[in-house]
Amino acid sequence: MEYILKGDTLLIVMDRDLDHHNAAIIKEKIDGFIYSGQAKNVIFDFKQTNFMDSSGIGVVMGRHRLLKPLGGTVKVKNLRSDVERIFLISGLYKIIEKEV
Amino acid sequence: MKKRMYLEIDSISENENFARVTVAAFVSRLNPTLEEIADIKTAVSEAVTNAIVHGYDGKEGIVYITCEIEENEVHITIEDKGIGIENVDKAREPLYTTKPDDERSGMGFVFMEVFMDSLTVESKISEGTIIRMSKKIGE
């Protein structure tokens with residue numbers, strides 16, 4: 001995992017797998033940036049990720065719920081086909097935008 | 001001829017990856033497509049995560065996984081001897097979760113249903129839950 005802070009936007013280059021096991025670790029780390037006031041926007045970069053299950057949806061949605069009241073945004077980018085499918089089926093694109 | 005494998009794992013989250021990769025490796029002899037493998041991995045991951053998070057509620061326990069191949073069909077069961085599900089119909093509804101504070105999305109059963117051909121859930125309070133899922137490969 002790689003966390004890159006540019007201004008108040010945190011870019012996270014996600015690992016290969018996003019499941020319940022690593023979700024907890026990622027959430028804690030991201031929320032650290034948010035609660036300390038360093039990050040107002042979060043971008044998940046899934047370029048290396050080829051597995052994500054419903055726990056990943058929880059991670060993305062959870063950050064969205066946290067940042068929305070603060071006027072921040074959550075975006076995703078570089079989704080490979082397996083992760084894209086999870087996003088489509090879950091309806092996550094109704095809420096989360098793709099960064100282009 | 002039926003081919004069978006059986007796996008017992010501790011109910012700890014680092015085993016979620018191990019479980020789905022092991023099932024995927026077992027199924028690979030049917031020459032599934034990448035998409036079929038992704039389907040199975042996701043469904044197994046959801047069921048095993050449910051057993052750990054809900055069945056055992058984060059406590060110690062054992063998750064029992066069997067996988068059977070019969071011609072071109074895969075049958076997977078994932079069983080826990082945990083707390084059981086009070087209302088299975090409700091649990092299967094999209095977005096329903098008993099743990100919203102843990103950011104559970106309530107999509108686990110939806111994915112199992114979407115990615116597999118069939119899914120049955122058998123559960124008894126204080127006794128545990130058995131998930132049975134099947135999928136035909138190459139259809």
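Helices (H or I, at least four residues) and strands (E, at least two) are DSSP runs, numbered from the N terminus.

**Before I start.** This is a predicted model, where local features need pLDDT of at least 70 and side-chain atom pairs count only at pLDDT 80 or more, while totals for chains, interfaces and linings use all residues. Residues are numbered from 1 along each chain as its sequence is written, and chains are lettered from A and ligands numbered from 1 in the order in which they are written.

**Chain B, its elements.** I went through chain B and found four helices and five strands. Starting at the N terminus, I wrote the order down as β-α-α-β-β-α-α-β-β.

**Chain B, its build.** How compact is chain B? Its radius of gyration (over C-alpha atoms) is 14 Å, close to the 14 Å that the globule rule (2.2 Å times the number of residues to the power 0.38) gives for 139 residues, so chain B is as compact as a globular protein of that length. I also noted that its C-alpha trace spans about 40 × 25 × 25 Å along the principal axes.

**Chain B, its inside.** I looked up burial next: 38% of the 139 residues of chain B count as buried, meaning 20 or more other C-beta atoms, placed from the backbone, lie within 10 Å of a residue's own. Then I checked contacts (C-beta atoms, placed from the backbone, within 7 Å). Among those in chain B between residues at least 6 apart in sequence, 67% join residues at least 24 apart.

**Where A meets B.** Chain A puts 16 residues into the contact and chain B puts in 18 residues. On the chain A side, helix H1 (20–35), helix H2 (54–67) and helix H3 (81–90) each supply at least two residues. Which element gives the most there? I got H2(A), with seven residues.

Terms used:
Two residues are in contact if their C-beta atoms, placed from the backbone, lie within 7 Å. A residue is buried if 20 or more other C-beta atoms lie within 10 Å of its own, exposed if 12 or fewer, and partly exposed in between; C-beta atoms are placed from the backbone.
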